[in-house]
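User: I would like to learn how to read this model, one feature at a time. Please give the general idea first and then the case at hand.

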Amino acid sequence: MSKLTTSSSELDLDHPNIEDYLPSDSIQQPHAKLRLRDLLDISPTLTEAAGAIVDDSFTRCFKSNPPEPWNWNIYLFPLWCLGVVVRYGILFPVRVLVLTLGWIIFLSCYIPVHMLLKGHDKLRKRLERVLVELICSFFVASWTGVVKYHGPRPCARPKQVFVANHTSMIDFIVLEQMTAFAVIMQKHPGWVGLLQSTILESVGCIWFNRSEAKDREIVARKLREHVEGTDNNPLLIFPEGTCVNNHYTVMFKKGAFELGATVCPIAIKYNKIFVDAFWNSRKQEFSIQTSFTTHLLQLMTSWAVVCDVWYLEPQNMKPGETAIEFAERFDMVRSIISVRAGLKMVPWDGYLKYSRPSPKHRESKQQSFAESVLRRLEEK
Amino acid sequence: MGNTSSMLTQYDIEEVQEHCNNTFSQQEIVSLYQRFCQLDRNSGGFISADEFLSVPEFAVNPLSQRLFRMIDGLNFKEFVAFLSAFSSRATLQHKVEYIFKVYDSDGNGKVAFSDLLDVLRDLTGQFISEQQRELVLTQVLEEAGYKKDSILVLSDFMKILGNTGLKMEVEVPVD
């Protein structure tokens with residue numbers, strides 16, 4: 001996995017009010033005179049540290065709880081075995097067939113359209129959009145996906161940005177089968193990368209590289225250009241920046257809210273009874289490519305992927321609101337999505353998976369303690 | 001598949017329980033083991049510095065560096081013993097001893113002015129100047145009847161912290 005490095009410039013920009021969530025026992029002392037006992041008693045800070053070692057909200061976001069084994073007795077075990085036979089022996093081959101069929105249809109339409117209609121861009125784009133929606137539907141069918149969409153369907157209007165919570169790469173496919181979004185993604189190696197550069201390019205995709213610090217400005221510019229373009233597909237952004245286990249949401253990155261566009265929240269919730277769709281990229285030791293393949297295979301050998309998608313009310317700039325104030329509402333949008341999908345909010349930046357927290361948080365704790373010491377010193 | 005307690009036998013649990021003087025129940029030890037395995041991502045049998053620092057709530061704690069020295073490279077038995085001071089069943093003596101150990105970085109049983117200064121520096125960072133810190137410490141030490149060059153031992157800590165309501169408890173989530 002990538003080495004842990006402090007990329008403070010990256011993290012500083014997105015950490016509102018984290019102190020509101022962290023325990024602040026150390027400043028609960030009454031305003032009495034400072035005694036030796038007060039300085040020696042480091043128990044509040046120690047308790048916080050031990051509490052974090054025993055259980056912390058960040059790790060909980062990426063924990064994939066294995067389902068309780070229900071096949072543990074003599075009656076249920078044969079049933080489970082039968083289920084395995086059905087899933088691997090019958091469902092899986094059928095699904096592979098469906099998917100292959102889908103690819104054949106897709107490629108036999110897409111390649112001619114892409115090659116022959118080179119001059120007629122508008123028509124070509126419209127057909128490619130329909131075809132991408134088609135192949136995504138085939139993908140969803142190959143997992144026996146049962147997706148319930150709630151709310152008004154997105155329409156392709158300019159100056160729109162869609163934001164959604166992120167659980168797995170399949171979030172994109174589930175949403176794409178309904179509307180051809182343009183999306184911002186990390187470029188992957190292998191066959192996924194090939195798909196990204198050929199097919200997704202047609203609906204409009206923006207690439208970013210998490211590990212490059214300068215990348216942020218370049219990406220922000222590309223996003224703005226895309227949103228302002230009249231002919232582009234609506235943009236879909238996952239502001240968490242990483243996959244979370246569908247029980248929590250981590251902090252949203254502000255970038256999506258600074259584009260001067262209407263923000264339309266989408267909430268996605270998977271039903272775990274059928275399959276746990278969380279793509280636990282932290283567990284994987286191998287390359288992303290292999291693990292995504294494993295993830296897809298796991299989905300294709302499960303009973304079904306059942307999820308709900310809610311298209312929520314678009315957020316516009318209120319009259320008299322500045323762009324900065326509008327961008328500050330990003331946490332409110334996160335709570336709208338979290339409430340709708342029944343997710344708990346945690347105050348951590350998803351990128352802490354890959355790097356250390358900025359020293360600012362520790363410094364604010366130190367500052368509040370220092371101030372209380374100095375204040376109590378003055379007391380008589 | 002299945003739960004991780006199958007990796008810990010009853011003997012293991014009892015051994016760990018004995019090592020931590022029965023401050024944790026067997027269920028709590030099982031939960032702690034699950035947590036230990038969760039943190040020990042490369043399954044090396046101990047949690048390295050990197051793995052501890054990957055818990056952001058721990059990494060932002062001002063005393064995390066000091067605690068590091070005490071927890072780096074601990075195996076599971078020692079990990080539980082380390083956390084035993086935070087159990088509700090731990091005695092006040094045990095908790096005060098623990099705090100003493102955090103101050104006594106070289107482990108020689110003596111806490112000097114420099115040790116007190118070090119911990120205060122960790123807790124206050126750059127927000128108090130070094131001179132102010134020394135002044136504050138000297139002042140409270142003298143008020144308590146000690147001198148700047150006094151060496152504090154465990155019994156002093158017991159006297160100072162012993163009759164306070166020392167609240168140092170962490171609940172182990174048991175599912």
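Analyst: Two strands pair if DSSP finds at least two bridges between them. Strands (E, at least two residues) and helices (H or I, at least four) are themselves DSSP runs, numbered from the N terminus. This is a predicted model, so local features need pLDDT of at least 70, side-chain atom pairs count only at pLDDT 80 or more, and totals for chains, interfaces and linings use all residues; side-chain values use heavy atoms, without hydrogens and water. Residues are numbered from 1 along each chain as its sequence is written, while chains are lettered from A and ligands numbered from 1 in the order in which they are written.

User: Take E3(A) and E4(A): in which sense do they pair, and over how many bridges?

Analyst: The pairing is parallel, over four bridges. As one example, Gln186(A) has Phe208(A) as its bridge partner in E4(A). Strand E3 (residues 182-186) of chain A is also joined to strand E5 (residues 235-237) of chain A, by two bridges and again in parallel. There Ala182(A) partners Leu235(A), and Val183(A) partners Leu236(A).

User: How many residues of E3(A) are buried?

Analyst: Buried means under 20% relative accessible area, exposed over 50%, and partly exposed in between (1.4 Å probe, protein chains only). In a regular strand the side chains alternate between the two faces of the sheet. E3(A) is mostly covered, with four of its five residues buried. Strand E8 (residues 305-311) of chain A is mostly covered as well, with six of its seven residues buried.

User: Which strands flank E8(A), and how do they run?

Analyst: Strand E1 (residues 145-150) of chain A is joined to E8(A) by six bridges and runs parallel to it; in that pair Tyr149(A) stands opposite Val309(A). Strand E7 (residues 262-270) of chain A is joined to E8(A) by five bridges and runs antiparallel; here Ile266(A) faces Tyr311(A) as its opposite residue.

User: What is the strand order of the sheet?

Analyst: The sheet is open, with seven strands in the order E1-E8-E7-E2-E5-E3-E4 (chain A) and mixed pairing. Its edge strands are E1 and strand E4 (205-208) of chain A, each of which pairs on one side only. From one strand to the next the twist averages 25°. Helix H10 (residues 215-228) of chain A packs on the sheet, touching E2, E3, E4 and E5 of chain A, with its direction at about 170° to that of E4(A). Helix H13 (residues 330-341) of chain A packs on the sheet too, touching E2, E7 and E8 of chain A, at about 30° to the direction of E7(A). Axes are lines fitted to C-alpha atoms, for helices over the stretch in contact, and angles run from 0 to 180 degrees between N-to-C directions. Contact means heavy atoms within 4.5 Å.

User: How far apart are the end C-alpha atoms of helix H8 of chain B?

Analyst: The expected span of a helix is 1.5 Å times one less than its number of residues. H8(B) (residues 113-124) has twelve residues and so should span 16 Å, which agrees with the 16 Å between its end C-alpha atoms. Its buried residues include Phe113(B), Leu116(B) and Leu120(B). The buried residues of H8(B) pack against helices of both chains, among them helix H4 (43-54) of chain A and helix H7 (92-103) of chain B. Gly125(B), with a positive phi near 60°, follows H8(B).

User: How much area do the two chains bury between them?

Analyst: Buried area is the accessible area (1.4 Å probe) that two parts lose on being put together, summed over both. Chain B and chain A bury about 4900 Å² between them, 72% of it on carbon and sulfur atoms. Glu57(B), Val60(B) and Phe127(B) supply 14% of the area that chain B buries against chain A, more than any other three residues. The contact takes 64 residues from chain B and 46 residues from chain A.
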